[in-house]
Amino acid sequence: MPETKGDLTMAVKDIAEAVAVFDRVKVVELVEAEIAAKTEIDEILNAGLIDAMDIVGKRFSSGELFVPEMLMAAKAMKAGLEVLKPHLSAGAVAAKGTVVIGTVKGDLHDIGKNLVALMMEGAGLEVVDLGVDIDAEKFVKAAVEHNAGVVALSALLTTTMPTMEIIVAAIKEAGIAVKTIVGGAPVTEAFADQIGADGFSTDAPGAVELTRKLLST
Amino acid sequence: MNRAITNFDQKMLGSIHNYSLELLNDTGIRFPNENAREIFREHGFRTDGEMVFFKEKDIRMALNTVPSSFTIKARNPAKDIQIGGDNYMMAPGYGPPFIIEPSGEKRNALLDDVHKFCKLVQTSQYLDFNSSIIVQPTEVPQETAHLDILLATLLMTDKPIMGSSSSGIAAKDSLKLAELVWGNTDEPVMISLVDSLSPLQYAAEMVDSLMVFAEAGQPVIVHSSCSLGSTGPITIAGSLVISNATTLAGICLAQLINPGTPIVYGLGGSPTEMKTGGYVNASPEDAKHTAIVTALGRYYNIPCRSQGALTESFCLDYQAGMESAMMLTTAALSGANLSLHACGTYGSMLGMSYEKFIADEDLCGAIKKLMQPVEFTDDAFSMDMIKELGTSGNYLMEMHTLKRCRSEFFMPELSIRTIHNKWLEMEPRDITERAAGILAKRFAEYEKPEIDPDIEKHLVQYVNTRKGL
Ligand code: B12
């Protein structure tokens, strides 16, 4: 991050500050002001919004922030991102990567999946949430359509875990360059390996970290 | 008295009911099954897309046909259970796909574990009926796992069974197997758990199984629960209204299909762990729901279900004991008629433990004793003896004491009641290791209950055929 520019960076830091206290209105105002002041768009994005979410993510992981607070911060960050979007060079957002996420066919548990999706959004990833009860065909179609970097599968029932294997296989068969990650309370690392998924995590912050890693390789 | 768990007067219960009616009428409940909506429409209900709307009179009519108590037959008639009234029936863990070992390690549950737990249920002094997923066996094909479990509970125990509600097909399998045992399913021979999805909806598979069981007149536990703050409002009042409305809608469908279908009314609500988004299963808020659900059960005059000896712990520590006891004691004292998860469940209902099962049995026994009314017979007052002994008595020397010394008090199997040096010298002293000793004895003393060899053959045949063997 550029250290210079004195006051400007200070103002960008204010954005981060506003995100951290989940003040959506202020984030939008500040981002608009920075754009008007011709601050570098990349700096607003990185030093303002993304850095802020990194801080929020860390505070959440350490137990300092509660889930609703973290989600509100993510919402504030997204509001800022919306303002910024028309000014971003094409692909700058997409470069961060798109994630297609859903709960697998036969399974309707979505509390954990929603949490993972929201945290990913908060981390600046583009997330396409397909919802619950999603079969292989829909996952493959969405992955192609949205040019996804990662497909994330959630399952909470041992009876629907085998469906994960089917979906991972279908994605491989479709020959699309996309990584698959799996999770949900009964899913284990060993199971993820066994079905040939590219990653597994026990919780939402871990899922974000994992996705970032997979997208950067 | 205005203790937090007893302050549910008719007015408060009435307001929960009225707000539920408002939701049922204005917002409706989502039933993603066309055949279910068809039944509602035939009875004049308004539907819109997948939403079904209910009027007060619909709910009133449905509630009118629900029996206030019923009997579930066991393979051994001496073990039939009565659901409703003052009765409190207990079943072990439901659903965990993992076993938590004494070392703390977790491993996948296997069919062998189902069999071992069946032995414990059969030899249990305190458990009254089986669970349909005592653990989820992970190594067998999942589409037919329910058949493996049903077969085990029918052959290895002679206590009442739970039917499988994981799909319409699984429900039909449950009925088929029961027919092979009882010749028909005219009377209740199982009970099954149908969970709604919060907020305000049902899953298609659950509705399918509800419909199959209702047609056969087999009892159903209709249960709704919100994760407070994620699938429902963070406040108990708001979540209660959602859950009550959803449960009432399910009860209504069952009564339309087959008026008089036995129902156990269930609602729960667990806090969302605000630091992680996790589901917290053993908390004062959960226990409060238990107290409220029993009050609402009485309000509607329907038997009610509560959660059992739940804990968020993963070993036999203070937390496991404290949480399990809080949950089960609240259920017992506030008048629940039935609890699943009474024995064996660890953290968030995801893991079963053999050692916890043994420890929970002590808790179940203590609670059943606690619930028993105090005996006020002449023999219990024993006035003659008291007068005779006056101030000089040593009651240990009396026949009255001798006659009752093995039966009067609750005797724990696992908990210790000894003096400090004896405890220090105890081998093993660790509670988990002591539980292991009791387990070994229980497995050794287990005997397979008698069954007509023809029936057994047919049951096995049915399951094998369904599994394509
Ligand atoms: C809440 C709940 C429900 C709710 C679901 C509400 C909803 N909208 O989701 C209701 C009541 C509807 C329900 C229904 C059923 N349930 Co349920 N349910 C649960 C419960 C108690 C909590 C799940 C939860 O939300 N946890 C909180 C979230 C935050 O955690 P999480 O989902 O694990 O997600 C975290 C991680 O796993 C990870 N993660 C999740 N997804 C992903 C994806 C990726 C890619 C990654 C990397 C990470 C990741 O990150 C998340 C955040 O940290 C669990 C028990 C448990 N403790 O898991 C049982 C449980 C999963 N259910 C169970 C059962 C049996 C059922 C039913 C079949 C019961 C019935 N007979 O009606 C039905 C099935 C419905 C269906 N077809 O899906 C069993 C499963 C047993 C098994 N053998 O598989 C469990 C274990 C409970 C039990 N012992 O009975 N259930």
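Me: Where in chain B does B:P199 lie?
Reply: Helices (H or I, at least four residues) and strands (E, at least two) are DSSP runs, numbered from the N terminus. By that naming, B:P199 is in the loop between β10 and α7 (204-215).

Me: What kind of model is this, and what pLDDT do local features need?
Reply: Residues are numbered from 1 along each chain as its sequence is written, with chains lettered from A and ligands numbered from 1 in the order in which they are written. This is a predicted model, where totals for chains, interfaces and linings use all residues, side-chain values use heavy atoms without hydrogens or water, side-chain atom pairs count only at pLDDT 80 or more, and local features need pLDDT of at least 70.

Me: Back to B:P199: is the peptide bond from B:S198 cis or trans?
Reply: Most peptide bonds are trans. From B:S198 to B:P199, though, omega is near -5°, and that bond is cis.

Me: What is phi of A:K38?
Reply: Most residues other than glycine have a negative phi. A:K38 is in the loop between α2 (24-36) and α3 (41-61) of chain A. This residue isn't a glycine, yet its phi is positive, near 65°.

Me: Is A:K38 buried or exposed?
Reply: Buried means under 20% relative accessible area, exposed over 50%, and partly exposed in between (1.4 Å probe, protein chains only). A:K38 has 72%, so it counts as exposed.

Me: What is the phi of A:D133?
Reply: A:D133 lies in the loop between β2 (126-129) and α6 (136-145) of chain A. With a relative accessible area of 26%, A:D133 is partly exposed. It isn't a glycine either, but its phi is positive, about 60°.

Me: Which residue is the protein donor of the cobalt atom of the ligand?
Reply: Donors are N, O and S atoms within 2.8 Å of the metal (3.2 Å for Na, K and Ca), and since water is not among the atoms, sites may look incomplete. Look in the loop between β1 (98-103) and α5 (111-122) of chain A, where A:H109 is found. Through NE2, at 2.3 Å, the only protein donor of the cobalt is A:H109.

Me: How many salt bridges are there between chain B and chain A?
Reply: The contact (heavy atoms within 4.5 Å) takes 18 residues from chain B and 15 from chain A. The two chains bury about 1,300 Å² between them, 75% of it on carbon and sulfur atoms; buried area is the accessible area (1.4 Å probe) that two parts lose on being put together, summed over both. As for salt bridges (a side-chain nitrogen of Lys or Arg within 4 Å of a carboxyl oxygen of Asp or Glu), the count between these chains is 0.

Me: In which helix is B:D379?
Reply: B:D379 forms a salt bridge with B:R404, with the closest N and O atoms 2.7 Å apart. The pair links parts 25 residues apart, with B:R404 in helix α14 of chain B and B:D379 in helix α12.

Me: Is B:S164 buried or exposed?
Reply: B:S164 is in the loop between β9 (161-162) and α6 (168-182) of chain B. Residues it touches include B:S132, B:H146 and B:F213, not counting those up to four places away in sequence. Its relative accessible area is 6%, so B:S164 is buried.
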